[in-house]
Amino acid sequence: SLGQRLRLWLALEPPHPWSRMGFDFGFGMVLLNLFWTGTGLNRVWFQPLWMISGPLLLGLFLWDFLQTLKERPRPLISIPKEKSYWPLVFLGLLLLLFSFLEGLVPETFYDSMVYHLAVPAYWLLNHGMRDFPTNFFSNYPFGGEVYFLNGLVFQGTETAKILHVFSFGACALMAGGWAAEWGGEKSAWLTLGLVLTFPLFVVCSWSTAVEGVLSLVLTLFAYSIVRFLRGGEGKAAWALSSGLFCGFAFSVKYTALLAFAVMLVVSWIKRPGVKGEKWRSHFLLFFLGSLVCALPWFVKNLAYTGDPFFPYFMDFFQGRHIPELGYDRLIREQHGWVTGSWWTWFLLPWTLTMGNPDSFNFCGPLALALSPFLLLFRIRNPILKRLAAAIALLFLSGLSVTHVLRFSIFAFVLLFIVLGALFGGDERQAWGKGLALFAAVTAFLCSAFLAAIGNFYYSAAGVWTGRES
């Protein structure tokens, strides 16, 4: 409800209802993030704060929901008219349901126990965001974890996990709505199915790791920056939207820097929307929007550690330091290199795709198999051309930094948007049907591996049957 009000106040009207839902969800996350960050830095996290604000927000949501029912709008979710898309969409919705069921299980993911939820829980005990010197992870930006805080305060780790699944579904809807702007409803359904059945995205949604949140925020940022640089009405609003989601992405994870740099480069090649004297004011809006969401985390680090980017760039600041051996181990784990000799880099896509399925790199074979089609077909739409270039740059830059594929999920989402737009339109109906059936078969085969990963890492059968809690 809050996100929808902000979108309407900015007069942002994406043409597809799924895109509007994505922006409503994203703007709501931004506003709640600012609420928790502001109150946390002022150390006023006491129970009356959420016992008063929670019912107010719930009442606002119910009011808007009832108003929507009275208006009886066109349903947002229907059935795909193309029957060949049914298996893919059905499997995608089934995996989404399975992810919600996984959310009913208490969190056991190691990173969540160490910092994704451990640090917010520590802050709750201390009524706000205070220094946590024995856990250097607490000095990362925690924008994504603050979103999970909405579930942590009202129930616990299960609700926090379900909130991550909601962001996963919102990202899939946003991707489908964006693809529909070029290929119509068939593209929307095809893209929705491709994103919902992407194995790595499904696995990440089972925990409170922040990759699902980051992918949604970066997709909203990419859409906003493309709309801004395309020109037309509402450029100032799209500039502010781009800045808000750019800053929000930085507050979630530092790897957002790669996506920001790539989208800026490919969008700036031809910039019909950035002309005249107003571009300075638009850039100022973008800059201020970014600062609103990102700056508090850097100021917090500067105040507590003397280094706004701690634990990085410690050589340039005289503040807190961590032992060199520990820092080297941290960097090695984040790199996750799987290559040895220089020639093994040429085999890297195959190595990562065909490795043993796990919760960090299990992307399935679909993306690697379909990537050559971006070169096979001539892309006439200039925006799709830029997105195709962005996909290549995102994978190249991402793999040059880390071989952990879960850090590159946004690149896969963009890939599915472009593929859905290309094959879901009327020009290539046969290709679209073939892609949907091929993707459905791939998703069905990958579901066995997903079940095995879920049983190994997040065994939930005891909770579902009531034998465990």
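The dialogue below goes through a predicted model and asks how several of its descriptions are reached.

Trainee: Why is the contact between Asp64 and Arg5 called a salt bridge?

Mentor: The side chains of Asp64 and Arg5 come to 2.4 Å, N to O, and because a salt bridge needs such a nitrogen within 4 Å of a carboxyl oxygen, the pair qualifies.

Trainee: How do you know whether Asp64 and Arg5 are buried or partly exposed?

Mentor: Buried means under 20% relative accessible area, and Asp64 has 13% relative accessibility, so Asp64 counts as buried. Arg5 has a relative accessible area of 36%, and because this falls between the 20% and 50% cut-offs, Arg5 is partly exposed.

Trainee: Which parts of the chain does the salt bridge between Asp24 and Arg7 tie together?

Mentor: The side chains of Asp24 and Arg7 meet at 2.5 Å, N to O. Asp24 lies in helix 2 and Arg7 in helix 1, so parts that are 17 residues apart in sequence are tied together by the pair. Both Asp24 and Arg7 are buried, and a network of salt bridges links Arg7, Glu13 and Asp24.

Trainee: What makes Glu211 and Arg406 a salt bridge, and where do the two residues lie?

Mentor: Their side chains meet at 3.6 Å, N to O, and because the limit is 4 Å, the pair is counted as a salt bridge. The pair links distant parts of the chain, with Glu211 in helix 11 and Arg406 in the loop between helix 19 (382-401) and helix 20, 195 residues apart. Glu211 has a relative accessible area of 4% and is therefore buried, and Arg406, at 3% relative accessibility, counts as buried too. By this rule the count comes to 6 salt bridges.

Trainee: Which residues have the most contacts inside the largest nonpolar core?

Mentor: That core has 142 residues, and Met263 and Leu414 are those with the most contacts inside it. Helix 20 (residues 409-423) gives the largest share of this core, 14 residues. Leaving aside its neighbours within four places in sequence, Leu414 is in contact with Trp178, Met263, Leu387, Ala390, Ile391 and Leu394.

Trainee: What makes the backbone at Arg43 and Phe313 worth a remark?

Mentor: Each has a positive phi in a residue other than glycine, near 60° for Arg43 and near 55° for Phe313. Arg43 is in the loop between helix 2 (17-41) and helix 3, and its 36% relative accessibility makes it count as partly exposed. Phe313 is in the loop between helix 14 and helix 15, and with a relative accessible area of 47% Phe313 is partly exposed.

Trainee: Which peptide bond is cis, and where is its proline found?

Mentor: The bond from Phe310 to Pro311 is cis, with omega near 10°, and Pro311 is found in the loop between helix 14 (279-305) and helix 15 (324-335).

Key:
Residues are numbered from 1 along each chain as its sequence is written. This is a predicted model: local features need pLDDT of at least 70, side-chain atom pairs count only at pLDDT 80 or more; totals for chains, interfaces and linings use all residues. Side-chain values use heavy atoms; hydrogens and water are left out. A nonpolar core is a set of buried Ala, Val, Leu, Ile, Met, Phe, Trp, Tyr and Cys residues joined through side-chain atoms within 4.5 Å. Buried means under 20% relative accessible area, exposed over 50%, partly exposed in between (1.4 Å probe, protein chains only). Helices (H or I, at least four residues) and strands (E, at least two) are DSSP runs, numbered from the N terminus. Contact means heavy atoms within 4.5 Å.
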